[in-house]
Amino acid sequence: MEGPRAVKKEELQQLTDLINYVFRTSSGREADMHISFPLFISEENLNNLLVMVDNGKPVSHMGLWINDFSYFGQPIRVGSLGSVCTDPNYRRQGLATKLMDAVLDHLEAEGVDLLLVSGGRGLYQRAQCFKAGEVTWYNISKNSSLPRFEIVVNPPVEYLAELWSREPMHSHRELNNFKALVEAAPLPRCIQHQSTVYLAKIGNAPLAYIQALNAPNGGVLFYEWAGDRTVLLEIASYISNLPETREVTWPLPSWEKALHNLMPKFDAKVNRTEELSGTYRIIRFASFIEKISKYLQEHYGTNELQGFDEGDMQVLHYLDEELKLDRKNMSELLFSGLLPKNIPSKMKSLFLEVAPLPLPWPIGFDYI
Ligand SMILES: CC(C)(COP(=O)(O)OP(=O)(O)OC[C@H]1O[C@@H](n2cnc3c(N)ncnc32)[C@H](O)[C@@H]1OP(=O)(O)O)[C@@H](O)C(=O)NCCC(=O)NCCS
């Protein structure tokens with residue numbers, strides 16, 4: 001058995017076959033994983049597709065997509081893990097566990113600050129990837145409001161790119177990659193929904209867009225959005241008022257403050273609140289805290305926050321105070337705002353004000 005190592009170019013087809021078998025054809029679906037994820041499962045990304053190989057054939061896989069991300073103007077590096085699979089004849093031999101260790105080393109070497117995983121199984125929990133954050137699901141009912149702007153269905157990607165690049169939190173997408181992702185519509189394809197993008201514009205100026213997932217029963221789920229928040233609500237109403245729409249569901253992370261406050265004005269009802277889907281692990285704690293600290297200084301005028309690893313613990317320094325937590329409790333403090341019992345007073349005031357920190361949630365075109 002060879003590995004963990006990056007897949008070779010000549011092995012990519014066999015790896016694609018394995019991924020398609022595990023996630024698609026073994027359950028009677030079309031082999032379209034490489035179509036759903038054209039950038040991720042590709043020759044350009046070989047270095048980030050880690051495999052175990054037996055007799056020249058990939059038998060276990062963990063893939064990463066590593067990207068630059070703007071966190072309110074602070075550059076962070078984000079890795080997303082996906083298409084995790086082991087050939088059924090090779091399961092329960094520890095292959096995925098070995099790959100997971102290699103993935104963590106690879107992320108560190110690639111300078112990644114934050115890992116996003118689209119699942120929460122034992123394999124990821126053992127690697128200290130945790131549930132985090134908070135999302136509230138709203139239902140938007142049909143209402144009497146009319147959009148003040150022109151609505152364009154499936155507009156040119158250039159409009160979307162302009163709005164996306166201005167989002168406070170956004171992944172870096174070159175225009176060609178953006179086009180490929182819109183065409184692939186990864187998440188809708190995975191859950192066998194149609195994908196429609198609605199753009200509001202005035203003249204030639206794009207104002208806001210929503211990508212919607214259309215279920216066969218008339219249900220619509222919002223998937224990615226960007227632009228002016230009041231205009232987004234108008235697009236949401238427009239979609240919900242379409243005759244073919246039965247119900248609109250919009251999952252809103254806690255940091256979407258303006259949208260949360262606008263919801264009652266559009267008669268939207270809370271359906272449920274839960275943690276964000278997927279799990280998270282901070283990879284380079286000191287670097288992550290340094291970047292977050294700059295965001296906090298800019299947005300809240302706070303003093304400098306520093307972080308470093310100490311064995312299995314993560315340590316925060318703030319003014320003359322220190323807090324040591326294990327990874328789980330640290331993740332809960334930062335991303336869910338759960339204050340530990342031993343938090344010193346100045347840090348307590350800080351986190352009461354700033355937590356939960358905004359957290360990238362790639363349910364949109366970045367979904368892996
Ligand atoms: C999930 C998946 C990738 C795991 O692959 P794997 O190579 O079998 O993983 P491992 O062998 O490292 O671990 C699997 C289990 O076997 C156990 N195990 C590991 N070595 C073992 C050994 N020598 N003997 C017995 N059990 C062992 C592990 O403890 C683990 O148990 P747990 O996850 O219930 O805690 C594989 O089951 C799969 O392809 N599933 C379908 C696709 C899928 O669901 N992917 C994940 C999407 S989020």
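**Exercise 1.** How much area do domain 1 and domain 3 bury between them, and what percentage of it is on carbon and sulfur atoms?

*Solution.* A quick word on the model before we start. It's a predicted one: local features need pLDDT of at least 70, side-chain atom pairs count only at pLDDT 80 or more, and totals for chains, interfaces and linings use all residues. Residues are numbered from 1 along each chain as its sequence is written, and side-chain values use heavy atoms, with hydrogens and water left out.

Step 1: get the bounds. Domain 1 is 2-112 and domain 3 is 287-354, as given by an automatic or database domain assignment.

Step 2: read off the area. The two bury about 590 Å², with 66% on carbon and sulfur atoms; that's accessible area (1.4 Å probe) lost on being put together, summed over both parts.

Step 3: find the contributors. In domain 1, Tyr71, Phe72 and Gln74 lose the most area to domain 3, together 74% of what that side buries.

**Exercise 2.** Work out how many salt bridges link domain 1 and domain 3.

*Solution.* Look for a side-chain nitrogen of Lys or Arg within 4 Å of a carboxyl oxygen of Asp or Glu. Between these domains the count is 0.

**Exercise 3.** Which residues come nearest to the ligand, and which atom of valine 84 lies 2.8 Å from a ligand nitrogen?

*Solution.* Start with the 15 residues around the ligand: Val84, Thr86, Gly94, Thr97 and Arg126 come nearest (near is a heavy atom within 4 Å). For valine 84, it's a backbone N or O atom. Threonine 86 instead puts a polar side-chain atom 2.8 Å from a ligand oxygen.

Methods:
A polar contact is a pair of N or O atoms within 3.5 Å; within protein, one must be able to donate a hydrogen and the other to accept it, and residues adjacent in sequence count only if both atoms are side-chain atoms.
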